[in-house]
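Try each task yourself before reading its solution.

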Amino acid sequence: MSTIPDEPSKPKYAQGHSASVVASHMSRTVENSASFLTPHLKPDSVIVDLGCGPGTITRGFCAFVPNGQVIGLDSSDAIVEQARAVNPASEYPNLSFRVADITDRLPFDDASVDVVYTHQTLLHIPSPITVIREAFRILKPRGGMLAMREADHVSIQPESPVVEQYWRHVFSSFRGMGAQGDGCGRRLHLWAQEAGFDRAKMLVGAGATVYTAPEESKWWAGLHVGRLEGEIGEKWLQNKTVASQEEIERFKTALKTWGDHREAWYGLMQGEVICWK
């Protein structure tokens, strides 16, 4: 394992790290976001989580690799500090977090890692193939795994043209910063092939994140209203993603109405791919 020091980098993250954004990240766990990977883990695996956020998924891997290591990487100093605070070494002795720009050379030696994992990360990156190629480099030969779970598209019920327009704005804001946006899930295996993985050594599938009425839909709608009231709303106005504050208010009203509906249902289709080196 490399001993390259932690050197903070500041790649742009379109969603920012407001309380409403971090709250959605905190809801992610191994059970709801990495169950496609856990059957393949070994007790002594070394796992690197790219774009780990507050570490709620990252720490979940620890129980599956009691004799291994789990390392979370994130570009935000504040988020890494939070991850270290809420996941103390006294409870997770095989867990660590580091500040690193995953769009640059990863801070590990060639062929030194058993598993690289990404979730809702590559869609925020302009050049995902570069990241996947770095994952290929650090993975051990004959068994090293890259596991990716990335968003593809959103569906909601009941239909709401205004809420659907909101989601189009969300993904277009990613693309406006040069990132991938929606449709990533269906392209993961193609990107992996371009990065050097063999299609014959891939498991290509899909999963979904679902929130339903009454409580989950209200919570999810509330988080997005919070985003519009804070950093994301400000960015959208500055970047002309929306024409006016009135448009933001229209999105907020529609989100609240949808979240309160007794038939509210939100589904995010996620591509899930495991690549063996």
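**Exercise 1. Work out how the span of helix α8 compares with the expected span.**

Start with the extent: α8 runs over residues 215-229, which makes 15 residues. Helices here are DSSP runs of H or I with at least four residues, and strands are runs of E with at least two, numbered from the N terminus. Next, the expected span is 1.5 Å times one less than the number of residues. From first C-alpha to last, α8 reaches 21 Å, close to the 21 Å expected.

A word on the model: it is predicted, so local features need pLDDT of at least 70 and side-chain atom pairs pLDDT 80 or more, while totals for chains, interfaces and linings use all residues. Residues are numbered from 1 along each chain as its sequence is written, and side-chain values use heavy atoms, without hydrogens or water.

**Exercise 2. Decide whether K252 is buried or exposed, and find its partners.**

First, locate K252 in helix α10, residues 245-260. Its relative accessible area is 10%, so K252 is buried (under 20%; exposed is over 50%, partly exposed in between, with a 1.4 Å probe and protein chains only). Leaving out residues up to four places away in sequence, K252 touches V225, L228 and E229 (heavy atoms within 4.5 Å). Of these, V225 and L228 are among the buried residues of α8.
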